[in-house]
Amino acid sequence: MDEQPVLIAREGELAGQRWTIDADEFVVGRGSDSNLVLPERQVSRYHIKILRQNGRYLLQDLGSKNGTHLNGEQVSGTVPLQDGDEIQIALCVKLVFVGTDATLPLTFDPPTRQGALTIDELQRSVFIKGELLTPPLSLAQFRLLQLLYEGQGAVSSREDIIEVVWPGTDGIGVSEQAIDALVRRLRDRLAEVDDYNYIVTVRGHGFRLDNAPH
């Protein structure tokens with residue numbers, strides 16, 4: 001039997017709680033007959049539904065009053081779910097979709113520090129000197145930071161960045177100015193916690209992460 005995915009509450013009073021998605025249609029809402037009941041008044045009676053179709057999982061907004069966001073983007077209709085996706089319900093409840101038990105985090109503590117900056121890919125979280133960066137980065141910002149972080153100081157070219165941040169576009173419509181603007185916004189976000197220059201421009205080559213302790 002395939003392992004069943006779970007939803008994990010990321011923050012708030014329910015932080016760390018997990019619910020197994022054990023039905024082809026898994027409803028989340030304020031209604032007492034929902035599969036997952038969220039008591040917050042901003043949550044609609046039937047807010048979202050997670051569907052299992054042909055072995056894949058989909059997220060559907062059920063016409064909720066206060067909306068649903070997936071990785072920071074508002075959901076309209078039905079969209080595919082992937083392991084590690086963050087579902088934000090009515091801007092008051094954050095749930096992480098975890099595809100298999102094999103990837104379940106054991107705790108919600110900040111990851112072990114290796115350098116001043118660390119990331120948690122599953123929760124799409126960034127910690128700087130142990131402090132959580134809030135609000136979370138946008139999906140594009142996080143993809144860029146993750147690419148540089150995993151490079152461990154190696155230079156990532158603009159082509160590398162396009163492939164990771166804008167997958168499937170082959171760079172069409174992605175200008176150098178768009179990349180520079182994304183880098184600038186990411187630098188600004190990191191500077192909210194620490195004004196150290198983590199993202200280094202290597203002229204003519206690309207960008208790298210300077211994550212040395214300081």
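I began with the open sheet of 5 strands, whose order is β4-β3-β5-β6-β9 with mixed pairing. I noted β4 (36-37) and β9 (78-80) as the edge strands, each pairing on one side only. I took strands as DSSP runs (E, at least two residues) and helices likewise (H or I, at least four), numbered from the N terminus; two strands pair if DSSP finds at least two bridges between them.

I recorded that this is a predicted model, in which local features need pLDDT of at least 70, side-chain atom pairs count only at pLDDT 80 or more, and totals for chains, interfaces and linings use all residues. Residues are numbered from 1 along each chain as its sequence is written, and side-chain values use heavy atoms, with hydrogens and water left out.

Strand β3 (residues 25-29) pairs with β5 in the antiparallel sense over 4 bridges. Val27 has Lys49 of β5 as its bridge partner.

I followed Lys49, which lies in strand β5 (residues 48-53). Is Lys49 buried or exposed? I found Lys49 buried, at a relative accessible area of 18%; buried means under 20%, exposed over 50%, and partly exposed in between (1.4 Å probe, protein chains only).

I listed the contacts of Lys49 (heavy atoms within 4.5 Å). Beyond residues up to four places away in sequence, Lys49 touches Glu25, Phe26, Val27, Leu58, Leu59, Gln60 and Leu62.

For the protein, I noted 3 helices and 16 strands. Buried residues make up 44% of its 214 residues.
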